Amino acid sequence: MRRARSQNEFFAKISIVIEELDESLFWLETLIDTEIVTETRLSDLLSEGIQLVKMLSKSRNSIKK
């Protein structure tokens, strides 16, 4: 179900979600790089985040067309 009043608003909302998800992935990677948390503990979250970025990006691209 769409939670936007228009296609442009929906596109904008998906774009915000992608940006926030990308920032979250950055911080997860930073935790690993600084050895605060092991990669093993965060590998599932990283994998899921990457998959979500791919899916949402495809959705955003199909809205563009």
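**View 1. Glu-19 in helix H1.** Glu-19 is part of helix H1, which covers residues 7-33; helices (H or I, at least four residues) and strands (E, at least two) are DSSP runs, numbered from the N terminus. Glu-19 counts as exposed because its relative accessibility is 55%, where buried means under 20% relative accessible area, exposed over 50%, and partly exposed in between (1.4 Å probe, protein chains only). Val-53 is 34 residues away from Glu-19 in sequence, and their C-alpha atoms are 9.0 Å apart in space. The model is predicted: local features need pLDDT of at least 70 and side-chain atom pairs count only at pLDDT 80 or more, while totals for chains, interfaces and linings use all residues. Residues are numbered from 1 along each chain as its sequence is written, and side-chain values use heavy atoms, with hydrogens and water left out.

**View 2. The whole protein chain.** The C-alpha trace spans about 45 × 20 × 15 Å along its principal axes. Of the 65 residues, 20% count as buried. Among contacts between residues at least 6 apart in sequence, 58% join residues at least 24 apart; contact means heavy atoms within 4.5 Å.

**View 3. Salt bridges at Arg-5, Glu-9 and Lys-13.** These three residues are linked in a network of salt bridges, each being a side-chain nitrogen of Lys or Arg within 4 Å of a carboxyl oxygen of Asp or Glu. The count by this rule is 2. In the pair of Glu-9 and Arg-5, the closest N and O atoms are 3.2 Å apart. In the pair of Lys-13 and Glu-9, the corresponding separation is 3.6 Å. Lys-13 and Glu-9 both lie in helix H1, 4 residues apart, about one turn of the helix. Arg-5 counts as exposed because its relative accessibility is 76%, whereas Lys-13 is partly exposed at 36%. Side chains of opposite charge can pair when their charged atoms come close.

**View 4. Glu-35 in the loop between the helices.** Glu-35 lies in the loop between H1 and helix H2 (39-64). Its phi is positive, about 60 degrees, although Glu-35 is not a glycine. Most residues other than glycine have a negative phi. With a relative accessible area of 70%, Glu-35 is exposed.

**View 5. Ser-62 in helix H2.** Ser-62 is found in helix H2 and is partly exposed, since its relative accessible area is 49%.
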